[in-house]
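Open the model in your viewer and keep the selection tool ready. The tour visits aromatic rings, then a pocket.

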Amino acid sequence: TDESGEAAYFELLKRLFLQAPIIRHFPQTICSIGPGEVSIAMPFDPRFCHGGGALHGGVLMGLLDNAG
């Protein structure tokens, strides 16, 4: 069925996501995934902050890139 094909597609996306080498450096987790949306979480780590103490924009863009 179309639903089983869609589920297989999302499982493939999850596996590819977890195999990306960058995940070892910027640990991220897919919380949910579905048609047109994904939720990704990453634990806060002060090593990913800029000098002002906030999350560095490059890290945020990496999260957005993985969501896209």
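Select Phe26: this residue is partly exposed, at 24% relative accessible area. Here buried means under 20%, exposed over 50% and partly exposed in between, with a 1.4 Å probe and protein chains only. The model is predicted, so local features need pLDDT of at least 70 and side-chain atom pairs 80 or more, while totals for chains, interfaces and linings use all residues. Numbering starts from 1 along each chain as its sequence is written, and side-chain values use heavy atoms, without hydrogens or water.

Now look for ring pairs. The whole structure holds 2 aromatic pairs. Rings of Phe, Tyr and Trp (its six-membered ring) pair if their centres lie within 6.5 Å; planes under 30 degrees apart are stacked, over 60 edge-to-face, the rest tilted. Tyr9 and Phe10 make a tilted pair, 5.6 Å centre to centre with 55° between the planes. Tyr9 is partly exposed at 47%; Phe10 is buried at 13%.

Return to Phe26 and Phe48: they form a tilted pair too, at 4.8 Å and 40°. Phe26 sits in the loop between helix H1 (2–19) and strand S1 (29–34), and Phe48 in the loop between strand S2 (37–41) and helix H2 (57–67), so the pair ties together parts 22 residues apart in sequence. Helices (H or I, at least four residues) and strands (E, at least two) are DSSP runs, numbered from the N terminus.

Last stop: which residues are closest to the centre of the largest pocket? Select Leu13, Ile33, Val38, Asn66 and Ala67, out of 15 lining residues. A pocket is an open set of points on a 1 Å grid over the protein atoms alone, where a 1.4 Å probe fits, with protein on both sides within 12 Å along at least five of seven lines; lining residues have an atom within 4 Å of a point. H1 gives the largest share of the lining, 5 residues.
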